[in-house]
Amino acid sequence: MTFTTRPEITGTFGVATSTHWIASAVGMKILEQGGNAFDAAAAMGFVLQVVEPHLNGPLGDMPLMLRTAGADAPVMICGQGTAPAGATIDHYKSVGLNIVPGSGLLATVIPGAFGAWMLMLRDHGSLPLREILAPAIYYARHGHPVLPRVANTIASLHDFFRDEWPTSYAAWLPGGQAPVAGRLFKNPDLADTWERVLAEAEAAQGHAAQIEAARRAFYEGFIAEGIDDYLRDACVMDAEGERRKGVLTGQDMADWQATYEDPLHVDYHGWRVWKPSVWTQGPTLLQSLMTLSGFDIGAMDPRGADFVHHVTEAMKLSFADREAYYGDPAFVDIPVETLLSRDYAATRSPLIGPKASRLQRPGHIAGYEAWAKAAIARAGQEHAEGPGMGAGEPTMAHLTEKRGDTVHIDVIDQWGNMVSTTPSGGWLQSSPIIPGLGMPLNSRAQMFWLEEGLATSLAPGRRPRTTLSPSMAETDGRKLAFGTPGGDQQDQWQLILFLRLVHGGMNLQEGIDAPLFHTAHFQSSFYPRGTRPGHLMVEPAFGEAVLDDLRARGHELEVSEPWAVGRLTAASRDDDGMLKAAATPRLMQAYAIGR
């Protein structure tokens, strides 16, 4: 029997797994109350905003993948807000910017997560909104045992918040004192905000009407008004070291709604794998699978140097294409069919040689040469991080207290409904607290470029190309939901897990526990948008022989601390009703629960 850090959870009633044990317990509570997976996921999402505020918040964003019981395929809900009407390249350059800051008011887009939760609950939820929000209100009102990383993050920002973001100082350091790890921490303004949303929702009659009333309170009512009022006058320090005003307005929020769309998919070794579209980095996983189809991955030791090398080199190619070609398909013509085709993959596989590449190599696609050339040129430029507070780079790159990150949720209920979602943005380091609301804005606009004519050029109404990327997959008799926080690493760690499940015969917990790796070779999605050619971070559990082999192949190896890479969770359902779930032991926060 192979030892794992936790058992792979099995049962038939329901499973809930997330990046914080309290959220997972809340998800299971909702299932026990008779709620479905959609109810449970939403309740978990609102709790994660309270207990992991350094990783996500109510004014963040998310792609949400759901699959109803018996459906042939999942669907996506786009909870990624767009750039405000005033977010033009000309305006950003007029205030002295050549790059979008990683924090501050010009880093924000319209908050989309709440709209996505409401759309899912309106169409698929079964419980009253009060039951969904009650756990989050409880922990915001009465307190939750604050994580050491939250306490450390807030303490490290004491002077910055005091001097530059006083609304955040009042909320996160009440009485001038940072929270103490393990002791109760409260956010009473957030509790009051959700209670007011519920009061307005419950004035309407019927489930759908109440959900719509809640959505209006957020996007057209007092929350949008509070944001609009604050941003009219606020001028605060950003990551570039200057005090600047924002451009988001209440009208921007009123004009936006979450939407449904179909995910993309490829077939790989008897599995069908679904990812969000090219407004996320999700298709990099699909492209990597297609590229790796040219190799006998099943013959490689899933903990060996051959496996690490081939997967890393495939990811470098896929992420080079991300930088050149991905963007909002509602605004630009993205060559999606080409990127996911077998013919295109056949041109990419031969580029993987015996040595690690140090080049940025987007593929050649006729008619798109300018985008590829621009991506290579950008990767060669350097932009030093400014003297302000940069909150752009994900926590896991690598375990830096002041950086923001993400959370993840996977839920499956007894009927076979499934949710996989990766909420993010609006973390406490990204932007000042909106007075009276208990929530800061997001910083997703940092993924735009201030250069015209690109797939990811800043423009009003356009979605930033996000790193957020939940996954679902299916093979004969089995359906799978999985994901992770981690910014640019999300689809790297998910790819590794999936390959180990398909080829390595591992169960969910074994696949998650096995040593992980990722590369920062390509251009970062986050301020200040750096590259590290040839870089490869690996966990030491691979062993010295594997590490030496990788060095000999030319990889610029960075060996992490033990158990320091990845925050994966996963859940599955077999056709006989057997449910399984797992969560990473790394950071000692994530947990899977089920029965």
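Biologist: What makes H4 largely enclosed by the rest of the structure?
Modeller: Nine of its 12 residues are buried, so H4 is largely enclosed. Buried means under 20% relative accessible area, exposed over 50%, and partly exposed in between (1.4 Å probe, protein chains only). Among the buried residues of H4 are Phe 114, Trp 117 and Met 120.

Biologist: What kind of model is this, and how are residues numbered?
Modeller: The model is predicted: local features need pLDDT of at least 70, side-chain atom pairs need pLDDT 80 or more, and totals for chains, interfaces and linings use all residues. Numbering runs from 1 along each chain as its sequence is written, and side-chain values use heavy atoms, without hydrogens or water.

Biologist: How do you know that the reach of H4 is close to the expected one?
Modeller: H4 covers residues 113–124 and reaches 16 Å from its first C-alpha to its last. The expected value, at 1.5 Å a residue, is 16 Å. That expectation is 1.5 Å times one less than the number of residues.

Biologist: What makes the phi of His 269 worth a look?
Modeller: The phi of His 269 is positive, about 45°, although His 269 is not a glycine. Most residues other than glycine have a negative phi. His 269 lies in the loop between strands E10 (264–268) and E11 (271–275). Its relative accessible area is 53%, so His 269 is exposed.

Biologist: Why is Leu 587 called partly exposed?
Modeller: Its relative accessible area is 24%, so Leu 587 is partly exposed. Phi of Leu 587 is near 70°, a positive value. Its place is the loop between strands E22 (579–583) and E23 (591–594).

Biologist: How do you know whether the peptide bond from Tyr 527 to Pro 528 is cis or trans?
Modeller: Omega is near 5°, and the bond is cis. Most peptide bonds are trans. Pro 528 lies in the loop between strands E18 (517–518) and E19 (535–538).

Methods. Helix = DSSP H or I, 4+ residues; strand = E, 2+ residues; numbered from the N terminus.
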